[in-house]
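Here are some notes for a colleague who is opening this structure for the first time. Please read them with the model on screen.

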Amino acid sequence: MIWADLWLLLPEGEVDPRAMAALLCGSAAAVLALRWVGQRRIQEKMEQARRTRDLGLERMEKVAQRFKQQNPRIQAGHILSLPLVELAEKLKEGSLSPESVLYTYIEQALEVTREVNCVTDFMQGCEEQLREVQRQKERGLLYGVPVSIKDHIGCKGHVSTGGLVQFLGRVEEEDSVIVQVLKRQGAIPFVKTNVPQSMINYDCSNLIFGQTVNPLNHKKSPGGSSGGEGALIAGGGSILGFGTDVAGSIRLPSSFCGLCGLKPTGFRLSIQGLTSPIAGMKSVTGMVGPMARDVDSLALCMKALLCDDMFRLDPTVPPLPFDEEVYSSSAPLRIGYYDGDGYFQPSPSMRRAVQETRKLLQEAGHTLIPFTPPRIDYVVDELFTRGLFSDGAANLLDKFKGDIVDPNLKSQISSYCLPTLVKRILALILKPVYPRIARDLNALCGVGSAKNLWKHHVAVAAYRTEFIVKCWS
């Protein structure tokens, strides 16, 4: 298009080769100059975001040191060693002060992020939230508990970047519903944590805040996309954190970092106020969920969240409170399990963990039923991948405009950028040799028309019904 327009500018008749060469060189130079200016603007935005982050870390250091100087007898080691349930009890009964717990975790989070680069933002409002909590007449289940929040979960006055330059500068005007409920239960959000660029990745790296590493082994990844949460909690810098999960983004970091994480059933908790790189996902459900050091912490968190405040603030959440009777019951359960789904190859350690868990549950009196997820290829390729990228990844790629692709994502984004025709031709060529890659390429073409999208939603609903019936039969 550009070259055609330039050609029209040329005078009719014979064209001077030197003038033509000069015009082409000038055009190329202009294009390169514009590209350089664009890249420079992106770099400036990222540098500003890093300066803001660094100022936040300096603020963390100052408030922690000030409190330490004023309270030299605080036993930080003891506070950090307490499990969440015990910590919450001591805070509620008054044997521990919320100040001592908050500033102890601020100092520890600072130490951990200097080691593994996991904190992206310090919530200076946490000190005001601390005072607000102490003014509350009723103490919630998470009274005085400091919590960390994944980058893209909305917090008033802070930016939810998703690791993307496009979202920089968009300051949240209000808290997400999940953060509002946490505050009403007495929790104190104090830091936000790192994610991979666009969050569609199992690592934890972006060009704004850099690479987060695993606190257990700095040569390894903490997993993604809730990798910053996993690294901070595993390093001892947070006792309770919140991630999100579409295809393992809570479960993978929890596994990589030796933690417990929960992806609740779809729509069990509110997802209002979250920034997403893919708008309008319906057939694939992402969820907010807690991450902590033990299962009891997750249970306490869910008890706190499944409350009237949650159901009132987001009417789309089913008003089903935590069922303490079922949770506390010692009645034997009927539990389905598998150590391989027929699509993804589990590592030997994963297979062993499932079998050891199966054995322990059987010894405890429960009935374990082996099963294989039905039509797994169809589920992953047609329902999941085609549902996630129903528009052929156009919406996701739009988020990368005015950005630089992280090296960890380049091959992934390059495959999304291929024209649909090229994807289909490659799928046809690769089908006899690499059938799974061929299916993935076809799935990345999306569902196409609105009619096909409707058919896709019907297929998803039908499969879910089929799966439930099989599980209960």
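This is a predicted model: local features need pLDDT of at least 70, side-chain atom pairs count only at pLDDT 80 or more; totals for chains, interfaces and linings use all residues.

1. The side chain of Thr161 reaches the backbone nitrogen of Gly163 at 2.9 Å. The side chain of Thr161 also makes a polar contact with the side chain of Asp151, again 2.9 Å. Thr161 belongs to the loop between β2 and α7, the latter spanning residues 177-184.

2. Is Thr161 buried or exposed? Its relative accessible area is 3%, so Thr161 is buried, since buried means under 20%. Setting aside neighbours within four places in sequence, Thr161 is in contact with Asp151, Phe167, Leu168 and Phe209.

3. Next, look at a pair of helices. Two packed helices are described by the angle between their axes and the distance between the axes. Helix α5 covers residues 98-116 and helix α6 covers residues 126-135. They pack at an angle of about 160°, and their axes are 11 Å apart. Angles over 145 degrees count as roughly antiparallel, and α5 and α6 are therefore roughly antiparallel to each other. Their crossing is right-handed.

4. Which residues make this contact? From α5 come Pro98, Glu99, Leu102, Tyr103 and Ile106. From α6 come Cys126, Glu127, Leu130 and Gln134. By class, the residues of the contact divide into six nonpolar, one polar and two charged.

5. Move on to Gln136. Gln136 sits in the loop between α6 and β2, with β2 at 146-150. Its relative accessibility is 21%, so Gln136 counts as partly exposed. Beyond residues up to four places away in sequence, Gln136 touches Lys183, Arg184 and Gly186. Tyr105 is 31 residues from Gln136 in sequence, and the two are 22 Å apart in space, C-alpha to C-alpha.

6. Check the backbone at a few places. Most residues other than glycine have a negative phi, and most peptide bonds are trans. Where is the cis peptide bond? It joins Gly224 and Ser225, with omega about 10°. Ser225 is in the loop between β5 (210-211) and α8 (227-234).

7. Ser198 is not a glycine, yet has a positive phi of about 75°. Ser198 lies in the loop between β3 (188-193) and β4 (205-206). With a relative accessible area of 1%, Ser198 is buried.

8. Phe267 also has a positive phi, about 70°, although it is not a glycine. Look for Phe267 in the loop between β7 (260-261) and β8 (287-292). Phe267 has 45% relative accessibility and so counts as partly exposed.

9. Gln412 is part of helix α16, residues 410-417. The side chains of Gln412 and Tyr416 are joined by a polar contact of 3.0 Å. Not counting residues up to four places away in sequence, Gln412 touches Ile200 and Asn201.

10. Finish at helix α18, residues 435-443. Which of its residues are buried? Ala438, Leu441 and Ala443 are. The elements covering these buried residues include α14 (376-388) and α17 (420-430).

Terms used. Residues are numbered from 1 along each chain as its sequence is written. Side-chain values use heavy atoms; hydrogens and water are left out. Axes are lines fitted to C-alpha atoms, for helices over the stretch in contact, and angles run from 0 to 180 degrees between N-to-C directions. Helices (H or I, at least four residues) and strands (E, at least two) are DSSP runs, numbered from the N terminus. Angles under 35 degrees count as roughly parallel, over 145 as roughly antiparallel, 65 to 115 as roughly perpendicular and the rest as oblique. A crossing is left-handed if the near helix is turned anticlockwise from the far one by less than a right angle, and right-handed if clockwise. Contact means heavy atoms within 4.5 Å. Ala, Val, Leu, Ile, Met, Phe, Trp, Tyr, Cys and Pro count as nonpolar, Asp, Glu, Lys and Arg as charged, and the others, Gly among them, as polar. Buried means under 20% relative accessible area, exposed over 50%, partly exposed in between (1.4 Å probe, protein chains only). A polar contact is a pair of N or O atoms within 3.5 Å; within protein, one must be able to donate a hydrogen and the other to accept it, and residues adjacent in sequence count only if both atoms are side-chain atoms.
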